[in-house]
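Hi everyone, thanks for coming.

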Amino acid sequence: MTLTRPPFDTIALVLQGGGALGAYQAGVMEGLATAGIEPDWVAGISIGAINAAIIAGNEPASRVEKLREFWNTVSRPAAYPDAMAFMDALVEPVDDWRREIWNSWNAWRALTEGQRGFFTPRPTTAFLGPQPPNAASFYDTAPLKATLERLVDFDRINAGVTRLTVSAVNVATGNFEAFDNQHGRWRKRIRAEHIMASGALPPGFPAIAIEDPGPIEASRASGAPRPVHYYWDGGLVSNTPLTQVLDDHPRRDTLAFQIDLWSARGKVPTNVVDAQERVKDIQFSSRTRAITNMQAQEQRQRRMLREVLEQIPQEVRDRSPACRAAAAQATARSVSVIQLIYQDKEWDGLSKDYEFGAVTMRSHWESGLTDINNTLEHPHWLERPEGDDPFVTHDIHRHRRSQD
């Protein structure tokens, strides 16, 4: 069923990092596309940046097709892609220990063979001495560049048809940097390297070298080469780009679909392997709900500040520097955040972020599609917040728990 556009100035799709779990986000996108909900802004980190680039870099009618092509490609091992593929049909219907064994096998293949169109292992000789920064890693991500350039129209991205923001960390300074196709110093200059940089998680993947954009005119006039910076995965600093979307200026009424791949909540582990998995969950969830709650509190304070300013005569506001500064922070906008957080399966484990098997990929995709379809069964969640609260959040799984 096609829905009418929700009544917001901006519809944002916020995509967290999480490696192989990213197929969940593709399933969510399929559900949104089927419902006719087209994002104005896609913000992503790591695998979320790759999904975001495919979405922003294609016409709405072809986005799901391109996402499916990407995930069908990278869910095959790099060295012997068809070896034992017949096992997928045997394992897919089951949901027990056999699935865990098959997942472990595919994870081992990812570590030893790499994934088609994504990454390949470096020869052992690469670890015998100092390497260039873009080679100091266990895997080579050159195949990903070719895949991105095949599936993403970077001319469309740089034309700014859909806003795209992906983030990475400057290796030398440790600073978090946003590559945005519509604003800032990277405007109209996004390339495959920016997407790769956002997902360059060390020591598995190498730092990505990107030439500083600098003022074009000054660079041309001097003829001097631009400095080169190296970037790592943005998830090292923050794995959830919601704050970037909600802190944008000017502040506009926003509906944000926040698609997270790690749950901050989980069971207390009872063995070392489960403890390592839980560490990943906590580290990369970026405290999703805590950030959302902080943003909600800030939004309510901005609304209150606006209401207080309205009690002050206009002539006083015009004369007072403090009032003018307060007015710059005040807002009357409304925000609604739809949270979709991947829920672990019984057969998920420590390798869930690098287990790229085709069976698992299809399961993640179907989970995302199911979750967004269930979410859209509550159309009032897509409406502007009513009453005095300018910031609301909705989560289909939290909603179900409250009903139990």
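First, some ground rules. This is a predicted model, where local features need pLDDT of at least 70 and side-chain atom pairs count only at pLDDT 80 or more, while totals for chains, interfaces and linings use all residues. Residues are numbered from 1 along each chain as its sequence is written, and side-chain values use heavy atoms, with hydrogens and water left out.

Okay, the overall picture. The protein chain has 16 helices and 11 strands; by definition these are DSSP runs, H or I of at least four residues for helices and E of at least two for strands, numbered from the N terminus. Along the principal axes, the C-alpha atoms fill a box of roughly 75 × 65 × 45 Å. A compact globule of 404 residues would have a radius of gyration near 22 Å, and this chain has 22 Å, so the two agree. That radius is taken over C-alpha atoms, and the globule rule is 2.2 Å times the number of residues to the power 0.38.

How much of the chain is buried? Buried residues make up 52% of the 404. Here buried means under 20% relative accessible area, exposed means over 50%, and partly exposed is in between, with a 1.4 Å probe and protein chains only. Have a look at helix α2: 10 of its 10 residues are buried, so the rest of the structure largely encloses it. Among them are Ile-47, Gly-48 and Asn-51.

Now the pockets. Rolling a probe the size of a water molecule over the atoms shows where empty space is left. On a 1 Å grid over the protein atoms alone, a pocket is an open set of points where a 1.4 Å probe fits, with protein on both sides within 12 Å along at least five of seven lines, and lining residues have an atom within 4 Å of a point. Grid points are joined across faces, edges and corners, and the volume is the space filled by probe spheres set on the points.

The largest pocket has a volume of about 940 Å³. It is lined by 36 residues, and Glu-277, Asp-344, Lys-345, Asp-348 and Lys-352 are the closest to its centre. Which helix gives the most to this lining? That's α5, with 6 residues. By class, the lining has 10 nonpolar, 10 polar and 16 charged residues. For those classes, Ala, Val, Leu, Ile, Met, Phe, Trp, Tyr, Cys and Pro count as nonpolar, Asp, Glu, Lys and Arg as charged, and the others, Gly among them, as polar.

The second largest pocket holds about 670 Å³ of space. Of its 32 lining residues, Leu-201, Gly-204, Phe-205, Asp-353 and Tyr-354 are the closest to the centre. The elements giving two or more residues to this lining are α2, α5, α8 and α11. By class, this lining has 21 nonpolar, 8 polar and 3 charged residues.

On to the rings. There are 14 aromatic pairs in the whole structure. Rings of Phe, Tyr and Trp (its six-membered ring) pair if their centres lie within 6.5 Å, and planes under 30 degrees apart are stacked, over 60 edge-to-face, and the rest tilted. Phe-70 sits in helix α3 and Phe-118 in the loop between α5 and β3, so the pair ties together parts 48 residues apart in sequence. Both are buried.

Phe-118 also pairs with Phe-205: the centres are 5.8 Å apart and the planes at 45°, so that pair is tilted. Phe-205 is in the loop between α8 and β7, so this pair ties together parts 87 residues apart in sequence.

Last, the backbone. Most residues other than glycine have a negative phi, and most peptide bonds are trans. Pro-202 and Pro-203, though, are joined by a cis bond with omega about -5°. The bond from His-249 to Pro-250 is cis, with omega near -5°. Ser-46 has a positive phi, near 60°, and is in the loop between β2 and α2. At 11% relative accessibility, Ser-46 counts as buried.
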